[in-house]
Amino acid sequence: ECDWSSDVCSSDLRHNFYFIIHYKGIKIGCANIKDIDYTMKTGVPGIFIGDRKFLLSPIAVVAVYLILKFAFFSLGLEYLSSPVITRNIGAIKLYKSMGFEFTDQVDEVQIANSFCYRQNFILKKERVERAFNLVFQDKS
């Protein structure tokens, strides 16, 4: 994760999109879709939150949702795959809530492979949006 910035600096901007996550004027992380293959309609999403107090906060959840929505609806991708550290239970639960499935394969550094088809995301999208409306509704 310390090396993510080198990917940003050297990336092909048509096949890699990086977005800085801001909250109340503070940069708290980065969300991305990289290694996009427009022929196969695939890509690799990721999120990095630098400030621990925002890990699995509503801000992080919204960032994951928006990067997936961007990948599937703006870029027209059909399949995303993403490595997830197996001890990051919160990230695994979050990804599953967005339609990701996990393979049983874990590599030597304890990284599991996850994947999501566009249709799986669509099935979860309405439920996620309803939850957002409850959390972020105007209380005035």
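Modeller: Start with the ring rule: rings of Phe, Tyr and Trp (its six-membered ring) pair if their centres lie within 6.5 Å; planes under 30 degrees apart count as stacked, over 60 as edge-to-face and the rest as tilted. Tyr65, Phe72, Phe73, Phe121 and Phe132 form one aromatic cluster. The structure holds 11 aromatic pairs. This is a predicted model, where local features need pLDDT of at least 70, side-chain atom pairs count only at pLDDT 80 or more, and totals for chains, interfaces and linings use all residues. Residues are numbered from 1 along each chain as its sequence is written, and side-chain values use heavy atoms, with hydrogens and water left out.

Colleague: Why is the pair of Tyr79 and Phe115 called stacked?

Modeller: The centres of Tyr79 and Phe115 are 6.1 Å apart and the planes stand at 20°, so the pair is stacked. Tyr79 is in strand β4 (residues 79–85) and Phe115 in strand β6 (residues 111–117), so the pair ties together parts 36 residues apart in sequence. Strands (E, at least two residues) and helices (H or I, at least four) are DSSP runs, numbered from the N terminus.

Colleague: What makes the pair of Tyr95 and Phe100 tilted?

Modeller: Their ring centres are 4.6 Å apart and their planes lie at 45°, so the pair is tilted.

Colleague: How do you know whether Tyr95 is buried or exposed?

Modeller: Buried means under 20% relative accessible area, exposed over 50%, partly exposed in between (1.4 Å probe, protein chains only). Tyr95 has 7%, so Tyr95 counts as buried. Phe100, at 4%, is buried. Phe115 is buried at 18%. Tyr79, at 26%, is partly exposed.

Colleague: What makes Arg14 lie over the face of Tyr38?

Modeller: A charge sits over a ring if NZ of Lys or CZ of Arg is within 6 Å of the ring centre and within 35 degrees of the ring normal. Arg14 is 4.4 Å from the ring centre of Tyr38.

Colleague: Which label does Ile122 get for its accessibility?

Modeller: Ile122 has 30% relative accessibility, so Ile122 counts as partly exposed. Ile122 is placed in helix α4 (residues 118–136). Between Ile122 and Phe72 there are 50 residues in sequence and 9.1 Å in space, C-alpha to C-alpha.

Colleague: At what angle do helix α2 and α4 pack?

Modeller: Helix α2 (residues 58–74) packs with α4 at about 145°, their axes 11 Å apart. Axes are lines fitted to C-alpha atoms, for helices over the stretch in contact, and angles run from 0 to 180 degrees between N-to-C directions.
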